[in-house]
Amino acid sequence: MIAPSVTLAGAPSGHRNALFVAHVAALLFGLTGILGALIAADASIITFGRATFAFIALGFVAGLKGTRLLDALTLRNLPILGLTGALLATHWVTFFIAVKIGGVAVATLGFASFPAFIALIERGVFGQRVGATQTLLLLMVTAGLILVVPSLDLLDKGTLGLLWGLGSGQAFALLTVANRRRASSMNALQVAFWQNVVVAALVAPFTFTQLPGTSLGGGDWANLALLGVFCTGLSQFLFVKSLEGLQARTAGMIIALEPVYAIACAWWLFGEQPTLRMGAGAALIVLATILAAWRKAPAEQGDTSRCAH
């Protein structure tokens, strides 16, 4: 969502408020896996519910702001909306599969590898040279993942969950690269709305196939609404809001703490206590993510259309 224009910079209290808002956004992003674990449904149903609640909320905000959503549906924009929507659907489905198989901590750490995938994609597709810092980032993420993986046995649920989490991170990296090159004629609210519509449309056939055998209780529907409205729409709104009082790289580093919040919540709620080895791997991955956020250009971090996890 897009924040109203309110200048916070320059006032100490405004800076503190912006720090608080950024941490709340990181916590909401981290709760994505928690809610996915709590909802008694498969990944396609969770993804469909999340996208549906999200685009309803985004449509409501667009109406309040007077944003013309249909203006984005041009022949030039349709292919990129279709591609990015498909990548977002892939990212969410694989992430929730990772949560169901390997648990919240493993899934979140697998997803957190996405900065390394971005570096590899930009090197392979666009020929951008991988510098010393990016090489260090790749090595840190690789070492962290080696420590996180429970074993090399593909029958181990933790290993399978991590692989699905890595797939989610790769899809998110592709989404990030694609969003960076989207048409400037679309604003972030338009992009977020139509991407969620595409996600809902793509997973709808799988969802309605699974629904007859799924019994969703009131708590499941409430968690789906929380996932779509708060962990998708509100979290993006708060991230943009924090940028009014923080430098983009500072906000980005706070958002990079998402795995820490997710692991802490999973430990508290589900008893998923991380081992010392997993903790060391998580520290390496989070540190690499913070390093990547520190190096991002402010203009890149201000685009909320890719803060969609």
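The crossing of helix 2 and helix 3 is right-handed, a crossing being right-handed if the near helix is turned clockwise from the far one by less than a right angle and left-handed if anticlockwise. The model is predicted, with local features requiring pLDDT of at least 70 and side-chain atom pairs pLDDT 80 or more, whereas totals for chains, interfaces and linings use all residues. Residues are numbered from 1 along each chain as its sequence is written, and side-chain values use heavy atoms, without hydrogens and water.

Helices are DSSP runs (H or I, at least four residues) numbered from the N terminus. Helix 2 (residues 43-65) packs against helix 3 (residues 78-102) at an angle of about 130 degrees, and their axes lie 9 Å apart. Helix 2 is therefore oblique to helix 3; angles under 35 degrees count as roughly parallel, over 145 as roughly antiparallel, 65 to 115 as roughly perpendicular and the rest as oblique. Axes are lines fitted to C-alpha atoms over the stretch in contact, with angles from 0 to 180 degrees between N-to-C directions. Contacts (heavy atoms within 4.5 Å) join Ala-43, Ile-46, Thr-47, Arg-50 and Ala-51 of helix 2 to Trp-92, Val-93, Phe-96, Ile-97 and Lys-100 of helix 3.

A second pair is formed by helix 4 (residues 104-111) and helix 11 (residues 258-270), which pack at about 170 degrees with axes 9 Å apart. These two helices are therefore roughly antiparallel. Residues in this contact include Val-104 and Phe-111 of helix 4, and Glu-258 and Phe-270 of helix 11.

Cys-231 is buried, at 2% relative accessible area, and Cys-265 is buried at 14% (buried means under 20%, exposed over 50%, partly exposed in between, with a 1.4 Å probe and protein chains only).
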